[in-house]
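Good morning, and thank you for coming. I would like to take you through one model, beginning with a sheet and then turning to an interface. Please look at the structure now.

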6 protein chains.
Amino acid sequence: MPFVNIKITKDGATANQKKELIKGATQLLVDVLGKNPATTVVVIDEVETDNWGIGGETVTDRRSKN
Amino acid sequence: MPFVNIKITKDGATANQKKELIKGATQLLVDVLGKNPATTVVVIDEVETDNWGIGGETVTDRRSKN
Amino acid sequence: MPFVNIKITKDGATANQKKELIKGATQLLVDVLGKNPATTVVVIDEVETDNWGIGGETVTDRRSKN
Amino acid sequence: MPFVNIKITKDGATANQKKELIKGATQLLVDVLGKNPATTVVVIDEVETDNWGIGGETVTDRRSKN
Amino acid sequence: MPFVNIKITKDGATANQKKELIKGATQLLVDVLGKNPATTVVVIDEVETDNWGIGGETVTDRRSKN
Amino acid sequence: MPFVNIKITKDGATANQKKELIKGATQLLVDVLGKNPATTVVVIDEVETDNWGIGGETVTDRRSKN
């Protein structure tokens with residue numbers, strides 16, 4: 001019955017990569033806590049880099065400096 | 001003052017259905033706990049089926065099998 | 001497959017009231033969107049009044065004024 | 001290491017306004033709790049007015065009445 | 001920079017199991033998306049079984065029937 | 001109408017510090033976006049250091065090394 005929410009910046013994660021995240025997060029709950037995968041829910045949020053900040057600045061700005 | 005977040009897959013919920021969800025969730029808090037509807041907030045997140053997993057696979061994949 | 005998160009202040013909601021919230025929120029998703037109740041998850045967070053703010057002040061402070 | 005999530009209605013906040021939110025929220029954690037800004041994360045969610053309810057109705061409807 | 005939130009029922013997960021969840025979720029983001037583990041945050045919420053519902057009833061009630 | 005959720009490790013933040021966070025986050029939304037403070041909600045979650053991970057390890061473990 002676990003619920004996992006994964007927030008990442010919107011950077012072109014492919015449908016296959018999202019499948020791998022969902023499969024892997026579900027398996028992690030099975031392996032570590034013996035949870036039932038049938039009722040394990042994973043939701044991925046992809047967030048624009050203008051809307052994600054770290055160190056007080058947006059990811060958009062951080063990347064423009066590199 | 002309650003805050004309710006409803007996450008559903010993005011499947012063409014209409015504006016009217018979303019109104020019903022907001023009205024119903026607010027009324028539920030009034031009926032069960034006597035909360036003030038004026039300060040009850042409901043936020044609906046509609047999530048792509050590629051980004052929602054259950055049973056270790058995406059909703060996109062589950063549906064393609066049926 | 002919906003996921004509902006209900007945040008309320010920690011004010012002595014009883015186990016029965018929490019049952020009613022869970023039952024009602026699940027039924028709402030069934031009634032409005034035809035969702036499957038078996039995979040509808042509801043999580044209730046009860047938050048200390050020191051940790052909940054509205055209008056720029058804590059609920060603790062607002063209540064002490066009334 | 002704090003994590004801040006700011007949910008607002010989608011109303012044309014500019015990139016600069018989002019920078020100000022991220023900068024300000026990060027600084028708040030530094031000023032009040034002495035947190036390390038380098039690992040402070042801020043995520044802004046912009047929510048359609050059809051998906052945000054207060055007082056039992058959508059923001060879309062509330063605004064159409066004014 | 002990803003942020004992962006894992007919600008589980010409060011059932012006596014040990015400190016070691018929580019370490020495994022944090023390590024595993026971080027590694028998943030590294031393996032699938034090449035994310036930087038240094039800025040990957042994982043937060044685990046443990047929720048009372050009275051506060052977690054599935055199928056319209058609390059986990060407390062579901063378990064009492066088995 | 002904004003909703004702000006601040007997650008911090010449980011480290012003895014005082015009631016006064018939490019008031020400052022709530023006041024400051026609300027003012028930030030007023031200053032940057034002209035939001036109405038009366039309907040701005042702030043919720044603070046304090047998370048045990050065993051339940052918060054960064055860099056693949058718990059905050060408990062990171063601190064024990066310093």
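In chain D, strand β3, residues 52-54, pairs with β4(D) in the antiparallel sense over two bridges. Two strands are said to pair if DSSP finds at least two bridges between them; the strands themselves are DSSP runs (E, at least two residues), as are helices (H or I, at least four), numbered from the N terminus. Opposite I54(D) stands E57(D) in β4(D).

A word on conventions: this is a predicted model, in which local features need pLDDT of at least 70 and side-chain atom pairs count only at pLDDT 80 or more, while totals for chains, interfaces and linings use all residues. Residues are numbered from 1 along each chain as its sequence is written, chains are lettered from A and ligands numbered from 1 in the order in which they are written, and side-chain values use heavy atoms, with hydrogens and water left out.

The pair in chain D belongs to an open sheet of eight strands with mixed pairing, in the order β4(D)-β3(D)-β2(B)-β1(B)-β1(C)-β2(C)-β3(E)-β4(E). Why is one side of β4 of chain D and of β4 of chain E left without a neighbour in the sheet? Both strands, residues 57-58 in each chain, stand at the edges with a single partner strand each, so one side has no neighbour there.

Helix α1 of chain C, residues 15-33, packs on the sheet. This helix touches β1 of chain B, β1 and β2 of chain C, and β3 and β4 of chain E, where contact means heavy atoms within 4.5 Å. Its direction makes about 140° with that of β2(C); axes are lines fitted to C-alpha atoms, for helices over the stretch in contact, and angles run from 0 to 180 degrees between N-to-C directions.

Let us move to chains E and A. Each of the two chains brings 25 residues to the contact. Together they bury about 2,100 Å², 76% of it on carbon and sulfur atoms; buried area is the accessible area (1.4 Å probe) that two parts lose on being put together, summed over both.

How many salt bridges cross this interface? The rule finds two, requiring a side-chain nitrogen of Lys or Arg within 4 Å of a carboxyl oxygen of Asp or Glu. One of them joins D11(A) and K35(E), with the closest N and O atoms 3.8 Å apart.

On the side of chain E that touches chain A, β1, α1 and β3 of chain E each supply at least two residues. The most comes from α1(E), with nine residues.

Finally, strand β1 of chain A, residues 3-9, pairs with β1(E) in the antiparallel sense over five bridges. There, K7(A) has F3(E) as its bridge partner.
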